[in-house]
Amino acid sequence: MKSKLTYQVLLLALTLGLTHQSAGQDKGTMLIKNGTVLTITKGTLENTDVLIRDGKISQVGKGLKAPSGAKEIDATGLFVMPGIIDAHSHIGLESINEGTSQVTAEVWQGDAIDPLQMSIYRALAGGCTTSHAMHGSANSIGGQCQTIKHRYGTFLPEELIMQGAPRTIKFALGENPTNHGTRDGLLPQTRMGVEFVIREAFSQAKAYMAEWDKYNKNKTAKGFRGAPPEYSYRLETLGEILKGNIIIHCHSYRADEIYMMLNVCKDFGIKKIVFQHVNEGFKVAPELAAYGAMASVFADWWAYKFEVYYSTAYNATILVRNGVTTSINSDSPDLIRHLYHEAGKTQKYGGLSDDEALSLITINPAKQLGIESRVGSIEVGKEGDITIFKNHPLSIYGVPQYSIVDGIVRFDREKDPADMRLLPDPKAEIDVTLHGQYDEGHDNCLQDVEYLFNDLVGLKN
Amino acid sequence: MRSMLAYSFRICFVLAALVAALPASAQDLAPVSDTYAITGATIVPAPGQKIENGTVLVQNGLITGVGKNISIPADAIIIKADSMFVYAGFIDGYSHVGVNPDNSEKKEKVKYPGNPPPGRAGITPQADVRDFINPTDASIAALRAQGFTVSQIVPHGNMLPGQAAVVLLKGEKADQVTISGNTALYSELSGTPGVYPSTIMGVMAKWRELYRQAAQTKNYQALYASNPTGLERPETDRTLEAFYPVIDRRQSVLFKSEKVLEIQHALTLKTDLGLQVILGDLKEGWPIINKIKNSGAKVLLSLDLPAEMKKEDNAEKKSDERKALDKRKADAIASSTSQAAQFAKAGIVFGFSANTVKPADVRPNLMRMIASGLSEETALAALTTTPAQMLGLSNRLGTVENGKIANLIISDAPYFNKKSKIKYVLVEGTLFSVEDRPKADTGKKADVKGSWSYQTETPQGKGDGKLVIKNENGNYSGTITNSFSGKETEVKDLVVSGNNMSFNYTIDVGGNSLKVDVAVTISGDTLEGSMTAGQYGTFPLNGTRDPK
Amino acid sequence: MKNRFHIVLGAITTIVIGLIWQTEAQSPKGKTGTFALTNATIETITKGTIANGTVILKGGKIVEVGTSVAIPSDAEVIDCNGLKIYPGMIDGGTTVGLSEVGSDKKTQDFNEAGEVVPQVKALTAVNPNSAVIPVTRVSGVTTVIAKPDGGLFPGTAALINLFGYTPDQMYAGFEGVVMNFPNTGRRGFFDRRSDDEIKKAAEKSLKKLDEVWDKAVQYHKLDSAMKGKGLDYYPEMEALLPVVRGERMLMIEVNAAKDIQAVLKWVADRKIRKVALTGVTEGWRVADEIAKAKIPVITGPVIAIPTRDYDRYDQIYANPGLMKKAGVKVAIRTAGTENVRNLPYHAGFAAAYGMSKEDALRAITIEPAEILGVNDKLGSVEKGKNATLIVCDGDPMETKTQIKYVFIDGWMVPMVSRQTLLYDEFLKREPGVSKN
C-alpha cells in the first residue's frame, strides 16, 4: 500500500531530517535552543528558546524543555526570526494573467497553484515561509490571489493554501492595464479609462446585488413566480469587495493613479486596500496614511519602465516615517530568495531601525494579508513559522540556515541535497541550461507574459 | 516456432480470398458469409479464464457460441486457429481516434476577447463527436491493429469540446458503428489563447459559472414547463442545456487528466460541483494515488509511457552529478511505468486510454507495466472488462461470451508473450487481418520541405500557426507565423538531421527580444517536439503537413 | 550591539547630510583641488590596512598614503575619524548610460543591428547625463564597463568613470571588443538531438564565428604586409585588428558549462592573447579548466537564480568563490543598468556563500582593474594612482554602510542623485494632507 508518493516524501523527509512525514498541512513539535530571538513585536531576546508544539509557538523563554522525541535545533550564535512573508509574488503558480478582459474578478489563483515549482523551495531557502500568490497586472481588475505557505514537498495544491487567510484580489493601474494602447480600441487605453473601468465594474456589482436582494425578498412572498437575475460569478465577486470581504491589492506606480484609486475606494465605501509596487507612494504618503491604506514596495527597483523613472529607493523610509504600514515585496523568484537583504536596504536608504526594517518583511506584510494574528512575529500562540539565520538577517552576510513552517523543518542548509525536484520529467534531457536569465529590472517577472505570447502563439487581443 | 509459422501461413492461405474482400481493402466486396467459426483456439473468455482447444462461433456480428463442443453451421467460414489465442476485443477508454483537429478554420479575430462567442472560446458542450469522425482515417486502422475494437471517442478542442461516443473501430460511418452516444461530456482544462477563458484560472471559473447558470436555467425552465402562464419565456441555450444530464448525474464528465495538476483540477471541479468524473489518460497519477482513490473518480490510465533510458557506452566516465541525475530520471521513468501496478495495489479499478500512445507502443508498454508489477489479469481487465463496466456496456462488450458483440482478437501466442502477434481482429463480426508494417526508414533525412500547421500548448493556452520550410540544394530556410497576429518571422539555425529538425527565431516581448528554440521530430506528415521561450519555459509543439 | 551603533551613526549622518542639502543649492557641483583625508582607516586592498592614516589627493592623483603624511597647506581637510577609505568600486559589465528606461526602446543604445558590428563604440553613445549615473556613483561604484549587446560581435565596450560631461572626461583607459559566444550545448529540455547532432550544430554555429575570425587574421596579415597602408575601408576588420594582434581585449560572453569548455578550446586553438570571459554563471562546473587556461573571468550577476532546476539553491551565489578557489582570476559584475549601485552586494553574497571577504572586495576593485589593464590607475588606494576612491562608515559590501564621500579622478562628487533629492522633498511633504 505504500505508494511511490509516500516513498518520495519520505525520502525528502529523510534528507531534510524532518521529524514528521512532511506532506501537507502537517504540524510539528520542536524546540529551538538558545538563539538570539528577533520577535519583531516584543523586542530582541538573547539566549532564548522557542518551543513549537503541534505547529504553534507554545513558549518563548529560557531553559525550555522539549517534549520527548521532539526535534531540537541548537541556535547558539544564530538569529531566530519569524518566517519571512512576501506580500507580492507569483511563485508556485501555473498561470498568472487571465488578461483577456479588463475585469476578471471571478478567477482565482487558488485554482492555479503549482506545488512542484522549484521556486517555492528556493524561497524557503531564502527564509521566506509565506507568500501572496498574486494574479498579474494585465487588466484593471484582475483575479483573486491566494496566500500560500511554502510547505514544499507536497504534490497537492490545496496543501500550500493558507487556510483561513482572508480573500484578496489584484487590481492594476497605469501602463500594464492600458497595455500601451495596443488593445485595438478597447477600454482602457489611458489612466482615465482605468478609473472608468473600475467605477463601472463596482456600479454594476451594486446593481447586481440590489437585483438579487429584491429577488430574494420577493421570493418569500406567497405565490411569487418569476425569473431570478442571471447568475454572474464576476459581479458576485465584485460584490464581495464592496461588502468588505476581499482586500484589494492594487498594482500602481504613479502618485496620481494612487490618489485616484483612494477616491474610488472612498466613493464605494471600500476600506481595505493595499497598494502594490507603489513606487511613487512617497509622493502621496500623507494621503495613504490618512486613509489607512497600506503599501508594499520594492527596495530599490526603478527605471525598468517609464512610470518608475521618477522613483527613489527612499520610498519605504518615507512611507514608514509618514505612518503608512509598509512592506517590502519580491514580485520575483529571485528577490524572494533574499527579502532580508531587500529589507536591509532601508537601513542604507533612510536608516530604519532593525525592528522597523524587519517589520517590512514580517508583521507588516502579515497585516496587509490580514494574517497578522497568526504569523509575522514570534509570539506565543502564533504559528510555528520560523527562520534561523547565521549572522544578522539584515547583514549582507546573513545566511538562512533553517526554514520552519508549522513546526516542520522545510529547509536545512546543511542537509540540502542540491537536487530538490519533486517530479523530474521522465522525458527531459538532463544536460540543459537556461542561463543568462537576468532577473533585474522588471516588475512582476511574468506579468507581461501576454506580450510574449502575442508573438509566440498569437495572443493578439 | 516453425509449426506456428506454418499454421499462420496456412490460415493466411485459407483466408486469402477473404482478405481480399475485407472492407478496409481497396475492393469493397462483402464477405461471402457473416458466420465465422474460430476453431482449435485457446480462448480467454474473460481475464483469468481459459478454454483450451475451443471454438468461438460468430453470427451476424454477435458471439453465438463459445466452448469445446460447438456445432459449426454449414455456412460458417472457418478460421483454423490451432495454437492461437482468442481474446475479447480491447476497449480504448478514450481517444480522438478518427477525429482530426480542425486546423483549417481561420480563427477570427474577436471584437471583445473578454466575451467571445462560446464556440470561439472552446465551449461547445453540445457538439457531438459523431459529426467529426472520419471513418477512413488511418488512425482507426492503426489502433485496431493493436487489438482495439471499441473506442470512446471525443472531439478535439479546448475547455468543452463536446459529447463523447462509444464507437466500433470498423471504419464505417459513425451512426452505423455507434454503440452508445453522448456517453460523457468531454473537457480539457485548458484555455483558448487570446480570448476568455485563456488560462486554467479562467477555465475553472468559467466551468463553475456555466454549471451554476445551467442549474439556474434548468430550474426556471422546469418552473415554466409546469405552468408557463404569467412567466417570462425562458430562452433556450444549447450550451447550458448540454449540462443538464451532468446536473442530473445521468452523465459523467470525462476530463483529460495527464499531468498531476490536471488531474487535481478535475477533482476540484468534482468536489465543487458534485460531478461524476472520469479521469482520462493519467500519466502522473502515481504521486497522488490516495487522493485519486478517495475521490471515487473513475480512472483511465494512459498507455503512453516515457521511453526507457538509453544505455550509454561511456557510463563509467560520467560525473557524479550526472550519475545522480540519471538515477533520478530513471526513477521517474520507473514510477511512470509502475503506475498501473501501484493503482492495482491500492485497489483502484482502472481502464486504459489510448489517447496519446503511439499504437505500435501499446503492447511493449503493457509488457513494461507487467514487468514492473502489474498482473496480466489486471492488464487484460483494464483493456476489456473494466472499460466495458465503466461505459455501462458490460452486457455487450468486454468478454468472449454468448450474446456479446463479436469483438475478438486472435493472436499467434498468448498476448502477453514477448513475441506474440495479433493476426486478426474481429469488430462486430467483421474480420480484419493484421499485417506486419514495414519499419520506418530512419537513415535518411526527413522531408521537411513545405508548409506545416503546428499547435502548441502554453500556460497561457493553446496556440497555432504555420511553418514554411524551403530546401534549396540542402540549404534549409524557413518562416514561422501564428494565425492570430499573422506576423511572419524568419527562422535561424535551421538544422535537419535524420528525422530531427531544429531552429530558432526571435520575437518581440514588450520591447525586448526573446529567442525561441524549437526542436521537432518528423515522422511522415506529422511533427512533434517542443519550443522553449527563454525563462518562460518549454511547451509541447506538434503539427501536420498541409495538403499540397 | 554593533548594529545599533551603525544605525545611530547612520541616522545622525543622514540628518547631517539632510541639513547640508537643505542649505545648499539644488544641483551642487563637483569640485577638485587638493584634499587631505585624515584619521581614516585606509583599506588599500593591495597593501593592507592602514589605521589612522591620511590620504592626500592632488591633481587628480593620490599623492600620499600613510600614517605620517604632511598635509599640504592648500588642502581641504576632511576628517575621516571613524570612517574607512576604499578604492572606488568597478563593475566589469553594465549598460549604464546606454539605457535609460528599460521598456522604452527609444532610450536604449546598446544593441545595434547586425551580427558583426565590432566597430560600433559604447564610449561615444554613453549619455553622461543619464539619471542612472549619479544614482550609481553615490553608492561608491565609480567606474563601470559600458557594454554593447546582441549578435555575435555587438560592438566595443568601454570603461568609464561615472563623472564627467564628455566621453573624453569619462573614459577610464580601457576599450574591449565584445563577443557573444554561440550556444553550443543543448538548447533546452526540448532539445532531443543526439550528441553527434549537437556537435554538428555547434560546428555550424562556430563556423560563422571562425569565418569572421579567419577574415580578421587575414586582414591582419595583409595589413602588416602593406604596413598599414592601402587596404580598403573595412570597419569590421579594422575593429578586430587590435584584438587579433593582442593589443585589445576580446570580452567573450559565455555562461553554460559546455559553452565555456568550447570557448577555452576556441581561444587556445587560435592563440588569442588578450581574453576575458564574462557572465560565466556556470563557471563552477568547469572551474579547473578555466584556471588551467589562465583566462580571467568577470562573472555575474551573482544575486540571481541558479541556471538549472536541479542545481543547489545557492549555486550561483557560490560560483565566484568556487572559481576563485580553483585558481581562476575572478572579478564580479552586476550585468545591470539602473541598479549597478548594488555591485557591492553581489560581492557580499559571494562572500556570504564561500568567497573570503577580502577576495570578494578585490573582485570589485583591483581584480577588474588588473583584468582590464588599468591597475596602474585604479583598483587600490596607492600612491600614484588616480584619485578615485570612496569614504564610508564601514564595510562597503555591508548593506547599511553609508558612503560619505566619493572622489573620481580627483573630483569630489556631490553626494546627490535624483533619488536623494526626492527623499529630501518628500520625507516631510509640504503641504501635507491639507493645503491650509
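Let me start with chain B, which in this predicted model is divided into three domains: domain 1 (1–88 + 398–434), domain 2 (90–310 + 319–394) and domain 3 (450–545). The centres of domain 1 and domain 2 of chain B, taken over C-alpha atoms, are 32 Å apart. Their contact draws 19 residues from domain 1 of chain B and 23 residues from domain 2 of chain B. On the domain 1 side, the elements that give two or more residues are strand 17 (422–427) and strand 18 (430–433) of chain B. Strand 17 of chain B has the largest share of that side, with three residues.

Next, the nonpolar core. The largest one holds 379 residues, and the members touching the most others are A:Val80, B:Val56, B:Val86, B:Leu279 and C:Ala350. Helix 5 (residues 200–226) of chain B contributes the most to this core, nine residues. Both domain 1 and domain 2 of chain B supply residues to the core, so it lies between them.

Take one of those members, B:Val86. What is B:Val86 in contact with, leaving aside its neighbours within four places in sequence? The contacts are B:Ile38, B:Ala41, B:Ile43, B:Val44, B:Val56, B:Ala81, B:Val400, B:Leu408, B:Ile409 and B:Ile410. There is also a second, separate core of 23 residues, and B:Trp452, B:Phe503, B:Ala519 and B:Val520 are among them.

Now the sheet in chain B. Six strands form an open sheet in the order 8-11-12-13-14-15, with mixed pairing. Strand 8 (162–163) and strand 15 of chain B are at the edges with a single partner strand each, so one side of each has no neighbour in the sheet. Strand 14 (residues 298–302) of chain B runs parallel to strand 15 of chain B, and four bridges join them. Within that pair, B:Ser302 has B:Ser353 in strand 15 as its bridge partner. Helix 8 (residues 260–273) of chain B lies across strand 12 (252–256) and strand 13 (277–282) of chain B, and runs at about 180° to strand 13.

Staying in chain B, helix 13 (residues 376–383) is mostly covered, with six of its eight residues buried. Those buried residues are B:Thr378, B:Ala379, B:Leu380, B:Ala381, B:Ala382 and B:Leu383. What covers the buried residues of helix 13 of chain B? The cover includes strand 6 (90–95), helix 11 (339–345), strand 15 (350–353), helix 12 (362–371) and helix 14 (385–390) of chain B.

Last, two items from chain C. Strand 3 (residues 49–58) and strand 4 (residues 61–66) of chain C pair in the antiparallel sense, over five bridges. C:Val55 stands opposite C:Val65 in strand 4 of chain C. The hairpin of these strands has two residues between them, and C:Gly59 there takes a positive phi near 55°.

The other item is a pair of helices. The axes of helix 9 (residues 315–325) and helix 10 (residues 343–352) of chain C come within 8 Å and cross at roughly 80°. From helix 9 of chain C, C:Tyr317, C:Pro320 and C:Gly321 meet C:Phe349, C:Ala350 and C:Ala352 in helix 10 of chain C.

Definitions and conventions
Residues numbered from 1 in each chain as written. Chains lettered and ligands numbered in written order. Predicted model: local features only at pLDDT ≥ 70, side-chain atom pairs only at ≥ 80, totals over all residues. Core = buried A, V, L, I, M, F, W, Y, C linked by C-beta atoms within 7 Å. Buried ≥ 20, exposed ≤ 12 C-beta atoms within 10 Å, placed from the backbone. Domains from an automatic or database assignment. Contact = placed C-beta atoms within 7 Å. Pairing = 2+ DSSP bridges. Axes fitted to C-alpha atoms, helices over the stretch in contact; angles between N-to-C directions.
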